[in-house]
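Here are my notes for you on this one. Have the sequence and the 3D view open while you read.

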Amino acid sequence: MGSGSWATAIAKMLLEKVEHLHWYVRRQDAIDDFIRMEHNPSYLTSVHFDPRRITFSTDINEIVRSCRTLVFVTPSPYLKNHLKKLKVKLHDKFIITAIKGIVPDENLVCSEFFRVIYNVPDENLAVLGGPSHAEEVALGRLTYLTVGCADNNKARAFAETLASGYVKTKTSSDVIGIEYASVLKNVYAIAAGICNGLKYGDNFQSVLMSNAVQEMNRFLRAVYPIDRCVYDSVYLGDLLVTGYSNFSRNRVFGTMIGKGYSVKSAQIEMEMIAEGYYGTKCMKDVNRHYHVNMPILDAVYNILYERISPSIEIKLLTDSFR
């Protein structure tokens, strides 16, 4: 469900193991181009697909009706609009969310959204996480993914379906923790980009990332206090790759802000969604219930939504670090 770069990368991984898949794409012209060119016309164009192994549809009900397992990879701000068209029940489907974002207005991570709004039981909800740029998956570069689900057998089955010579997988029961970590790492990547745009060097970037993982850990302990190691790849690894890599759209977005772009002009020039922009506001709202000390989140929020000067806000942030 979805046709962006990460959806395309997941389809590539799945089709190395399964014979056929159904693919929900919003626009018919995109489907027509995909079938004609045998690749996604807009994302990861180097990845070749055999259209005979894919059933495309612009009808979300047709796709949901035909499939028992649904992988959602739409941008989080658009998830509600896609699902508004849905007439088929979801509660008996196995739903994997690969959306590294939070549902605006609802302020729910995606698994909670499916559970609260669509009554999908925990054992039918999974999350796909880990440090995984779609561009590197497209190139067949070694990637480590984690499938989180309350039902370990279902998590293991899906993990095995994704695994290959260049994709290593493992399972976890920490669905909520993985999702919140994937939202926060986008916020911290924007912070890293802002600092990069302001010409802060590598020395400071390492201090920023060190403080970011501590801030993430404080929040995860407050919202879902289970025994987890925040230094695992699905938490710290995802944070590092998103904060440092030039493939990271959130870092690129932050860099533009640090260089003086307005939020709107940066969004227009990027032509891709930086999930962390929406995640910042949602996480700020969520944290009003938990009151966790989150100076990096607060700084990014002040820059993006309160229009405080990035140079002033980051200078105040640096004074709070040790």
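1. First, a term you'll need: a residue is buried under 20% relative accessible area, exposed over 50%, and partly exposed in between (1.4 Å probe, protein chains only). By that rule, Asp232 is partly exposed, at 30%.

2. Keep in mind that this is a predicted model, where local features need pLDDT of at least 70, side-chain atom pairs count only at pLDDT 80 or more, and totals for chains, interfaces and linings use all residues. Residues are numbered from 1 along each chain as its sequence is written, and side-chain values use heavy atoms, with hydrogens and water left out.

3. Now the overall picture. The chain has 15 helices and nine strands (DSSP runs numbered from the N terminus: helices are H or I with at least four residues, strands E with at least two). Buried residues account for 56% of its 322 residues.

4. Back to Asp232: its side chain meets that of Lys170 in a salt bridge, at 3.9 Å from N to O (the rule is a side-chain nitrogen of Lys or Arg within 4 Å of a carboxyl oxygen of Asp or Glu). This pair links distant parts of the chain, 62 residues apart: Lys170 sits in strand β9, Asp232 in the loop between α9 and α10. Lys170 is partly exposed too, at 37%.

5. Compare Lys281 and Asp285, whose salt bridge spans 3.4 Å. They are four residues apart in helix α13, so about one helical turn separates them. Lys281 is partly exposed at 36%, while Asp285 is buried at 18%.

6. The structure holds 16 salt bridges. Lys100, Lys185 and Asp238 are linked in a network of them.
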